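Reader: I am new to this structure and would like to learn how to read its features. Could you take me through them step by step?

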Amino acid sequence: MPRRTFFQFMAPSMIVMTLLMVIPIGMAIYFGMTFMTYNNITAPQFVGLQNYIEILQDPQFWQSFRFTITYAVFVVPATIIVGFTVALLLDQVGRLSRAIYMSIFLLPFIIVPIVGTLMFKQLFEPSGLFTYLYGQILGTKFRYTEMSVKVLIILYGVWYVAPFAFVVYFAGLQTLSQDQIEAASIDGATRWQKIRHIVIPHVRSLTILILLFSIMDTYRVFDSVFVLSEMNPIYKPDTVMTYTFKTAVTVQRLGKANAMAILTVLGIMIVLIPNLIQAYREQMEER
């Protein structure tokens, strides 16, 4: 298809998507430079960069930022490893068993996030299964502490996001040439050597895709923190998103919350742009 024809077809959707992005971001930038609460929401006071300076000097913001980074460091690699491993295992079973296992693995990804979080939390209630097993094995009660709550939030993140990685990898494995696998088997390659030298390079572009989506998800994690910690400050569970929510709703600093949202978008762009460039270069090399 000629490039001009392509852009003619794409122009309407590109215009709509641009407007849906530019207008809200522009409004957030403006409101982020105002002192705005629910009392003066119709006439906010312009304060320039004061909100941004206040955020950068706010220890609670940096605490929420550190936990967000910690969450990403654990969840993103674990999501990729678990999704890839499950996809490899499921690729080896028969069609009937595959359908059963796939429905089980996709369950966390299908249900509503808040419902999934509530189901996950029930395992750790006083009458929950995990609490019972924890007491039987270790001989002590499971207690909610700052560390245990944060670990539960991270575990839920892996449990909820891994099915997406699994589906993407499983679809990629279906396009893998069996001739390469058979040739490697004839040459005496082990299972691990086939995975390392054939399968992993084949799904490299999919790994970058999963990485991009996973990073965006870690920046906007909210449901699991809200439910598992019940926003109790003694657990110090805030991520950037939950702290932005509390700033807007509890503290009623709408201008500061908008400034946080802009900083979050900038942070995501800083992380994603190098990966997007790398993905584009790989696509060009494959051509």
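Predicted model: local features only at pLDDT ≥ 70, side-chain atom pairs only at ≥ 80, totals over all residues.

**Pocket, rings and backbone**

Author: Let us begin with the largest pocket, which has a volume of about 350 Å³. Residues are numbered from 1 along each chain as its sequence is written, and side-chain values use heavy atoms, with hydrogens and water left out.

Reader: What counts as a pocket, and how is a volume defined?

Author: On a 1 Å grid over the protein atoms alone, a pocket is an open set of points with protein on both sides within 12 Å along at least five of seven lines, and lining residues have an atom within 4 Å of a point. Grid points are joined across faces, edges and corners, and the volume is the space filled by probe spheres set on the points.

Reader: Which helix gives the most to the lining of the largest pocket?

Author: Helices here are DSSP runs (H or I, at least four residues), numbered from the N terminus. Helix α8 gives the most to this lining, with 5 residues, and α3 (59-90), α8, α11 and α12 each supply at least two. By class, the lining has 11 nonpolar, 5 polar and 3 charged residues, where Ala, Val, Leu, Ile, Met, Phe, Trp, Tyr, Cys and Pro count as nonpolar, Asp, Glu, Lys and Arg as charged, and the others, Gly among them, as polar.

Reader: How many aromatic pairs does the structure hold?

Author: A pair of aromatic rings is described by the distance of the centres and the angle of the planes. Rings of Phe, Tyr and Trp (its six-membered ring) pair if their centres lie within 6.5 Å, and planes under 30 degrees apart count as stacked, over 60 as edge-to-face and the rest as tilted. The structure holds 22 such aromatic pairs. In one of them, the rings of Phe 166 and Phe 170 have centres 6.0 Å apart and planes at 40°, so the pair is tilted. Both residues lie in helix α8 (residues 146-173), 4 residues apart, which is about one turn of the helix.

Reader: Is Phe 166 buried or exposed?

Author: Buried means under 20% relative accessible area, exposed over 50%, and partly exposed in between (1.4 Å probe, protein chains only). Phe 166 has 2% relative accessibility and therefore counts as buried, and Phe 170 is buried too, at 11%.

Another pair joins Phe 222 and Phe 245, whose ring centres are 5.2 Å apart with planes at 75°, so this pair is edge-to-face. The pair links distant parts of the chain, 23 residues apart, with Phe 222 in the loop between α11 (204-219) and α12 (223-229) and Phe 245 in helix α13 (residues 240-249). Phe 222 is partly exposed at 21%, and Phe 245 is partly exposed at 33%.

Reader: Where is Met 231 placed, and what is its phi?

Author: Met 231 sits in the loop between α12 and α13 and has a positive phi of about 55°, although it is not a glycine. Lys 236 is also found in the loop between α12 and α13, and its phi is near 50°, a positive value in a residue other than glycine. Met 231 is buried at 17%, whereas Lys 236 is partly exposed at 40%.

Note on methods
1 Å grid on protein atoms, 1.4 Å probe; cavity = no way out; pocket = protein on both sides within 12 Å on 5 of 7 lines; lining within 4 Å.
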